[in-house]
Amino acid sequence: ENDHHHHRDSEDKPKTPPHILPPQEKQNILEMSLVTKRGPQFPGSIYANSLPSLQSVIQTQNEDDEDDEEVMIRRALDIRRKVTAEVFKAAMKKGKFGITYSTNLVNRLPDFIDHVMIEAAALKRSPEFKDSTFNLRAKLVIDHSNVVPLIRWLKHNNLSYPKIAKLICMSKGNLDSIRRLVEWLKTVYVKGEFLGATLLKSGDDILHRRLEELDEIVDYLESNGVRRDWIGFVISRCPRLLSYSMEEVKTRVDFYLNMGMNENDFGTMVFDYPGVLGYFTLEEMNQKVNYLKEFGLSTEDVGKLLAFRPQLMGCSIEERWKPLVKYLYYLGISRDGMRRMLTIKPMIFCFNFETTIAPKVVIVQFFRDIGVQEDAIGNMLVKFPPLLTYSLHKKIRPVVIYLMTKAGVTEKDIGKVIALGPELLGCNIAKTLEVNVKYFLSLGIRVRQLGEMIGDFPKLLRYKVDLLYPKYQYLRRTMVRPLQDVIEFPRFFSYSLEERIIPRHKIMVENRVNFKLRYMLACTDEEFNQRVADKVERRQRFESGRMDDAVSDSQMAEGLSRGQMRNGHTRSEDSLGLLLGA
């Protein structure tokens, strides 16, 4: 009965064919068949003596489910990649690279690992390697490619392992092209720290370009004003240049030369901002030039502007220029005013409007609060565009407080001072304003008087003391003028000592005339000469009038003396007659 029961259970239990293996077991057999080194096994462990053949595993898989064949092949390829990566790491270890560096680099080399795997598989067709193992063939491919010495050389040239990995993958197995191009970049003075970035950003085909084509581009740039020792800097900042054809490079260069630039202007422009030549499409470049012309600039003016500030070409019309133009119109600045701002301080048009310009609305309100007239705010910005970039609390407010507390400017005049001289807000308090205030006070000028002088001439505090001192010495010692003359006319310090003050003073001395400083200096040469001539003529007339009066007085005196003589002679005769008659 027991035997019958046991026989019945054995019939009910499904039988597993001895050749059918579970999926996990099949994957383990694949891995153990393809790994570089098998793990140690102890007596009695599964597959200690022999492994089922890989063909039997795949055949069994086909018998089970033919649809899973592709899955098994993919797993086999993945395992092969792991084996190839291990062989590569072993080669790196032999080349004295650390485990961490090798692992990080190999993880970024999937394309090159596949290349090695394919080349190693292809070697099996050769009779010489027909019976060799895959590991041996992979090692031969890696050694023959000289990839490990190349990695060492690139690392010595300051390339990080991510850049090295990307370059190796870009080479598509032609590793000699990397060394060849790196050596060429060194000949045009690309510095080591920029070699990797230059190679990676020069386009996917840069490793396959002929060096003669690259030399032609460099020679053409050099012939148009880009100095040879600048080429490395230009290429490292704009690697895309190396991806252009010679015709494309000529078209881009002519775009700027046709705006009236000479070779010197073009060369310095490219050096200042290499991206101006390679980062933008010709359509974008034309759009930006046409937009700048809408401010009233000619083509030649735009050329000069870009030569001076090529960063304008890197600004977006929609994101940078149009929002700024709308804001300037809101402040009452006309197109001519914007053109002046563009030519004086073009960097204003390069700033991000949202982060740099828009927050400055508090500055405009501050100017209103201190008494600057509404229509004068726009004129201030036109006169001194950097105001749009200054900080209210760190720059503008401290200067205003200093002028009112230390320089004698009254609350009534501070608005006028800032409106007439917005450049004062750009002066350093310690290095410029305080030094000048101390100098003027040392001359004997009182604080209240200095405030009045600044109100009349705000630019007074912007001059260097080295320029003020000789003028004041000449005024006091040579011209022998009192200090009050300077207090009444502080603009005296704005005129050139050698070209205006001394020559006009000599003319006044020679002609024996004298003027107040205002009438002596604040006029053209023609007006000054006319004033001198008029003064000399009036003096001559005055002197000639005094001489006429003196002559008439002498003639009257002589006439009176003669009459007295005649009268005396008559009186004597009469006396004699009386005597005789008597």
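Q: Which helix does asparagine 436 lie in?
A: This is a predicted model, where local features need pLDDT of at least 70, side-chain atom pairs count only at pLDDT 80 or more, and totals for chains, interfaces and linings use all residues. Residues are numbered from 1 along each chain as its sequence is written, and side-chain values use heavy atoms, with hydrogens and water left out. Helices here are DSSP runs (H or I, at least four residues), numbered from the N terminus. Asparagine 436 sits in residues 429–442, and that's helix α26.

Q: Is asparagine 436 buried or exposed?
A: Buried means under 20% relative accessible area, exposed over 50%, and partly exposed in between (1.4 Å probe, protein chains only). Asparagine 436 has 2% relative accessibility, so it counts as buried.

Q: Which backbone oxygen does the side chain of asparagine 436 reach?
A: Look at what asparagine 436 touches (heavy atoms within 4.5 Å): leaving out residues up to four places away in sequence, there's Leu460, Leu461, Arg462, Tyr463 and Val465. At 2.6 Å, its side chain reaches the backbone oxygen of leucine 461.

Q: Are α4 and α7 parallel or oblique to each other?
A: Axes are lines fitted to C-alpha atoms, for helices over the stretch in contact, with angles from 0 to 180 degrees between N-to-C directions. The axes of α4 (residues 69–94) and α7 (residues 134–145) come within 10 Å and cross at roughly 50°. Under 35 degrees is roughly parallel, over 145 roughly antiparallel, 65 to 115 roughly perpendicular, and the rest oblique. The two helices are therefore oblique.

Technical notes:
A polar contact is a pair of N or O atoms within 3.5 Å; within protein, one must be able to donate a hydrogen and the other to accept it, and residues adjacent in sequence count only if both atoms are side-chain atoms.
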